[in-house]
Amino acid sequence: MRAAIYARYSSSLQTAASIDDQIRLCREHAAKQRWTVVHVYSDAAVSGATILRPGLQGALAAARDGSIDIIIAEALDRISRDQEDVAGIYKRLSFAGVALVTLSEGEIGALHVGLKGTMNAIFLKDLADKTRRGMRGKLESGKAVAGLSYGYRVTAVGERSIDEGEATIVRRIFIEYDQGLSPRQIAKRLNAAAVPGPGGRLWGPSTVVGNRHRGLGVINNEIYIGTMVWNRQRFVKDPDSRKRQARANPRDAWVRVPAPHLRIVDDDIWQRVKERQGAYEHKPLSGRRRPKHFLSGLIKCASCGGGMSAINQTQFGCSTAHDRGTCPDPARINKKELERRILTALECNLVRPEAFAAFCETFTRVMNERRREQAVSIRGREADLAKVTRELDRFVDALAQGVPADRVRERMVELEERRAVLLAQSGQEEAPGPYLHPNMAEVYRRKVSELAASLSGEQTAAAKARETLRSLIDRIVITMAPEGPSVDLIGDLAGILNVASAGAIRGSTVAGGPKESRVAGHRTSLFLGQERISFRASA
Ligand SMILES: [Zn+2]
């Protein structure tokens with residue numbers, strides 16, 4: 001049986017055994033099973049995006065071309081921590097007739113692939129529940145655990161009292177809202193008066209009014225009438241963007257504990273504010289409940305770095321200027337124009353031959369950087385080898401000078417083994433070339449056209465297309481210039497590759513790639529016509 005070893009180092013894995021350790025353990029296992037190790041692949045860099053892991057790509061290529069029968073890894077999470085990824089890789093290996101064996105799980109089967117992910121998910125949920133229970137117990141025993149609300153300060157561990165300065169502002173907000181000022185007006189006035197908001201940040205409409213159903217925002221916080229509320233929302237992770245999202249808990253799951261000493265406003269004004277809020281919410285304000293635009297949340301104002309949102313039917317504008325009145329040079333752009341420019345940039349510019357050449361160049365450069373990182377680990381290995389050899393030499397000298405062999409035998413055997421491993425590894429460092437399908441540009445262009453077409457199509461397809469487009473875009477920065485707004489599109493290389501290679505690498509889904517590890521991104525900008533596209537690869 002011909003085996004390939006795959007090792008990955010990631011500091012985020014709980015047991016961060018070094019690549020060398022993993023390879024050594026896998027070799028021992030292979031020797032026991034009488035398998036011949038024909039290749040060793042490793043990925044030193046941390047990356048969640050499978051496609052950007054040259055080592056794993058190499059192992060998969062070897063499986064595809066039939067040069068191996070087994071892949072050995074220390075544990076399934078070395079292959080990937082993502083269940084979808086693992087499933088895709090497993091499918092490919094089964095298709096190629098290659099077995100996947102890990103030291104901790106044994107031979108991986110279809111059931112295994114599903115179960116392990118499920119077990120992980122259950123474990124995480126269980127942990128979250130336990131944490132919540134613990135916090136609830138503390139709350140019921142009178143200790144404050146949730147975040148500290150505006151208007152209070154901590155006096156002792158878990159105890160809080162009213163901060164008179166902030167309490168005055170809380171009362172002012174209630175009074176102004178009761179008098180008919182909008183949350184936006186209230187926020188702008190507070191900012192203009194240089195009153196620092198919660199956490200020292202600026203005031204905005206959401207700090208003032210928040211979300212009534214989740215009890216967020218000053219006028220919805222029952223602490224101001226002397227009731228502590230906990231468990232209003234919980235956090236879930238979006239499977240595509242990996243971002244934490246707040247979800248409202250049902251009201252009967254809220255935990256209320258009286259805390260009369262924390263009351264700041266009286267029941268009368270609280271009641272009036274609630275009534276006014278109710279009236280406002282029921283008013284069928286035209287367009288107030290507009291469906292969210294598919295680019296919302298991604299557009300940034302270059303001047304203040306803040307977000308941009310729909311400020312009327314046709315335009316996106318700087319939210320900082322709109323909500324807080326504090327942006328020095330607010331950006332504005334027509335919605336239709338922005339959509340058109342973004343889609344054109346994604347669809348056409350990237351497949352112009354010169355643009356695709358630049359794209360490939362970026363890809364290759366990132367790959368080369370990876371390889372240099374690998375070279376650093378090779379140098380480390382060489383240093384190790386020199387050290388082991390020196391130590392062995394010293395032992396030989398010691399023996400020659402009459403030190404009893406019994407005392408040094410064990411250590412010497414150990415060193416000899418280590419040296420053999422290091423020597424074997426140094427012969428196999430040839431990193432595989434970057435895997436770029438020659439048709440990728442064309443596939444990519446077609447996918448994006450399909451996406452653009454489905455945007456205006458049937459509802460579910462449109463929703464899916466919006467989601468995918470969003471996954472390609474990290475952010476869109478609008479800068480105001482005399483000749484009109486300029487658009488910077490900052491995208492995720494891994495996401496773009498995922499769209500182009502959907503079906504080849506990640507099964508049939510066209511979802512965005514895993515993005516959690518997008519730290520220290522390499523960025524390259526392409527100037528294409530009037531749009532600048534920056535690709536940032538997952539590091
Ligand atoms: Zn701005």
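Colleague: Does C301 count as buried or exposed?
Modeller: Buried means under 20% relative accessible area, exposed means over 50%, and partly exposed lies in between, with a 1.4 Å probe and protein chains only. C301 counts as buried because its relative accessibility is 1%. This is a predicted model, in which local features need pLDDT of at least 70 and side-chain atom pairs count only at pLDDT 80 or more, while totals for chains, interfaces and linings use all residues. Residues are numbered from 1 along each chain as its sequence is written, and side-chain values use heavy atoms, with hydrogens and water left out.

Colleague: Which residues are the protein donors of the zinc ion?
Modeller: A donor is an N, O or S atom within 2.8 Å of the metal (3.2 Å for Na, K and Ca); water is not among the atoms, so sites may look incomplete. Here the SG atoms of C301, C304, C318 and C327 are the protein donors, and they lie 2.2 to 2.4 Å from the zinc ion. Along the chain, these donors follow the spacing C-x2-C-x13-C-x8-C. The pair C301 and C327 links distant parts of the chain, 26 residues apart. C301 belongs to strand β12 (residues 299–301), whereas C327 is in the loop between α10 (319–324) and β15 (332–334). C327 also counts as buried, because its relative accessibility is 12%.

Colleague: Why is the arrangement of the 4 donor atoms around the zinc ion given a geometric name, and which one?
Modeller: Four donors count as tetrahedral if all angles lie between 85 and 135 degrees. In this site the angles run from 100 to 116 degrees, which makes the arrangement tetrahedral. For four tetrahedral donors the ideal angle is 109.5 degrees.

Colleague: How many helices and strands are there in the protein chain?
Modeller: Both are DSSP runs numbered from the N terminus: helices are H or I with at least four residues, strands are E with at least two. The protein chain has 16 helices and 19 strands. Of its 539 residues, 44% count as buried.

Colleague: What is the strand order in the open sheet of 3 strands?
Modeller: Two strands pair if DSSP finds at least two bridges between them. The order is β13-β14-β15, and the pairing is antiparallel. β13 (308–310) and β15 are the edge strands, each pairing on one side only. From one strand to the next, the twist averages 25 degrees. Strand β14 (residues 315–318) is joined to β15 by 3 bridges; G317 has R332 as its bridge partner in β15.

Colleague: With which residues is S319 in contact, leaving aside its neighbours within four places in sequence?
Modeller: Contact means heavy atoms within 4.5 Å. S319 touches G307, M308, S309 and R324 in this sense, with those neighbours left aside. S319 lies in helix α10, and counts as buried because its relative accessibility is 15%.

Colleague: What is the order of the open sheet of 5 strands?
Modeller: Strands of a sheet pair through backbone hydrogen bonds, either parallel or antiparallel. The order here is β2-β1-β3-β4-β5, with mixed pairing. β2 (36–43) and β5 are at the edges with a single partner strand each, so one side of each has no neighbour in the sheet. Strand β1 (residues 2–8) pairs with β3 in the parallel sense over 3 bridges, and A3 has I70 as its bridge partner in β3. Strand β3 (residues 70–73) is parallel to β4, with 4 bridges; I70 stands opposite A99 in β4. β4 and strand β5 (residues 106–107) are antiparallel, with 2 bridges, and a hairpin of 3 residues joins them.

Colleague: Which residues lie on the two faces of strand β4?
Modeller: In a regular strand the side chains alternate between the two faces of the sheet. In strand β4 (residues 99–102), A99 and V101 are on one side, L100 and T102 on the other, and all are buried, so that both faces are covered.

Colleague: Why is α2 described as largely enclosed by the rest of the structure?
Modeller: The description applies because 9 of the 11 residues of α2 are buried. Among them are P54, L56, L60 and A63. After α2 comes G66, with a positive phi near 75 degrees.

Key. Tetrahedral: all angles 85-135°; square planar, octahedral: opposite > 155°, others 65-115°. Axes fitted to C-alpha atoms, helices over the stretch in contact; angles between N-to-C directions.
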